[in-house]
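Here are my notes on the model. Please read them with the structure open.

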Amino acid sequence: AHQAKVEILKQLCLVTGGAGFLGINLIRYLMGRGYDVRSMDIATFDYPEGPLVDVMQADIRDPAAVERALSGVDIVVHCAAALPRSSPAEIYSTDVQGTHCLLRNAVKQGITRFIFISSTAVYGIPDHHPIVETDRLQGVGPYGEAKIKAEEDCLAYRREGLCVPILRPKSFVGPERLGVFELLYDWAYRGRNFPVLGTGNNAYQLLDVEDLCEVIYRCMQSDRDAVNDTFNIGAKEFGSLRESLQTVLDRAGHGGHVVSLPAGPAITALRMLERLHLSPLYEWVYETAGRESFVSIDRVAKRLNFIPRYSNRDALLRNYDWYVQHRQEYRGRTGVTHRLPWKRGGLEGAGWVF
């Protein structure tokens, strides 16, 4: 009997910020599940996967480039953002105006699903926990404020019929992540202790990038009514900040310990260093580091049947092990993205104190 051949068409996914930390992890994840992927990023895509990816080096603030990038695309995952160490003008133009440019052109080209990667920075410095998706939004600094404005734009397009899952992940780590976490990994590797503000006994939730990729994938695959909402994402098992940091120091094997700093004086000093542009730490980081910080993941668990695979401990150890293997590649390099160490400024010599 003749058996008809059925052609299975791959879907094309545009990943903005594809050369970044989340971007490359997501691209690898989606390619492993049969998607064709196009990367759009202002930065160079310098990965071995380059020949297998439709790489477009361009700016999401350029309407003509965005129109080309969206051609033939089935799903958009918008990861691109100017991060907190960028200038306020750069953050606003990229995170707000760039998002609007993408949304407007996605609708124009008939794309029906647009996944936006926001941040728990939209909650500011909360006065209760766990944080739920309906809590008040009050961004700290230009980055948090820009994410709120971008979310508002997403909601407006959702009301017009576009399916726009909004994801609010906790700080996520894993292979390729450096940024502010490079300070912890470097001090651990060199046998230093590591400071926390206050006792460090505050519950503090992180997230593994692979768990975030899994949620994005489910938002691409699942029923529209299930995903067309806003979701917090964080580790299910996380413990205290002290416990999480000590895990990395123990992995390094030098006998390093987490040491407590008086929160008030330390925050005052960090605030002053930030104003002088002499610290990689920004307000949202140092104002929340000594406080409880965790979100409810009940909505994503119920709606998408998702349970995070990695604990804080797992995520940090995966990231630290990757750092040890690749640390020589980044010697002398700094930047403002998650893929590069951040310039330490006044904290450069602090490791010797601890």
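Which elements do the buried residues of α2 pack against? I take that up in point 3, after the ground rules and the overall picture.

1. **Ground rules.** This is a predicted model: local features need pLDDT of at least 70, side-chain atom pairs count only at pLDDT 80 or more, and totals for chains, interfaces and linings use all residues. Residues are numbered from 1 along each chain as its sequence is written, and side-chain values use heavy atoms, with hydrogens and water left out.

2. **Overall fold.** The chain has 13 helices and eleven strands. These are DSSP runs, numbered from the N terminus: helices are H or I with at least four residues, strands are E with at least two. The radius of gyration is 20 Å, close to the 20 Å that the globule rule gives for 354 residues, so the chain is as compact as a globular protein of that length. That radius is taken over C-alpha atoms, and the globule rule is 2.2 Å times the number of residues to the power 0.38. Along the principal axes, the C-alpha atoms fill a box of roughly 75 × 45 × 40 Å. Of the 354 residues, 56% are buried. Buried means under 20% relative accessible area, exposed over 50%, and partly exposed in between (1.4 Å probe, protein chains only).

3. **Helix α2.** Here is the answer to the opening question. The buried residues of α2 pack against β1 (12-16), β2 (36-41), β3 (54-57), β4 (75-78) and α3 (88-108). The helix spans residues 63-70, and Ala-65, Val-66, Ala-69 and Leu-70 are its buried residues. They cover an arc of only 130° around the axis, which puts them on the same side of α2. The arc is that of the directions from the helix axis to the C-beta atoms.

4. **Contacts and surface.** Contact means heavy atoms within 4.5 Å. Among contacts between residues at least 6 apart in sequence, 77% join residues at least 24 apart. The chain exposes about 15900 Å², and carbon and sulfur atoms supply 51% of that area. Areas come from the Shrake-Rupley method with a 1.4 Å probe; for residues, only the protein chains shown count as cover.

5. **Leu-12 in β1.** Leu-12 lies in strand β1. Leu-12 is buried, at 15% relative accessible area. Setting aside residues up to four places away in sequence, Leu-12 touches Asp-36, Val-37, Arg-38, Ser-71, Gly-72, Val-73, Asp-74 and Ile-75. Leu-12 and Tyr-35 are 23 residues apart in sequence, and their C-alpha atoms are 6.2 Å apart.

6. **Ser-39 in β2.** Is Ser-39 buried or exposed? Ser-39 is buried, with a relative accessible area of 1%. Ser-39 lies in strand β2. Its C-alpha is 5.9 Å from that of Thr-16, 23 residues away along the chain. Beyond neighbours within four places in sequence, its contacts include Leu-14, Val-15, Ile-27, Phe-45 and Val-55.

7. **Ala-43.** Now the loop between β2 and β3, where Ala-43 is found. Ala-43 is partly exposed, at 37% relative accessible area. Leaving aside neighbours within four places in sequence, Ala-43 is in contact with Ala-19 and Gln-57.

8. **Backbone points to check.** The peptide bond from His-129 to Pro-130 is cis, with omega near 0°. Pro-130 is found in the loop between β5 (113-117) and α4 (141-159). Glu-176 is not a glycine, yet has a positive phi of about 85°. Glu-176 lies in the loop between β7 (172-173) and α5 (181-189), and is buried at 9% relative accessible area. Asn-305 is also not a glycine and has a positive phi of about 55°. Asn-305 is found in the loop between α11 (298-304) and α12 (312-326), and counts as exposed at 63% relative accessibility.

9. **Arg-339.** Which residues does Arg-339 contact, leaving aside neighbours within four places in sequence? They are Ala-19, Gly-20, Phe-21, Asp-46, Tyr-47, Glu-176, Leu-178 and Tyr-330. Arg-339 lies in the loop between α12 and α13 (350-353). Arg-339 is buried, with a relative accessible area of 14%.
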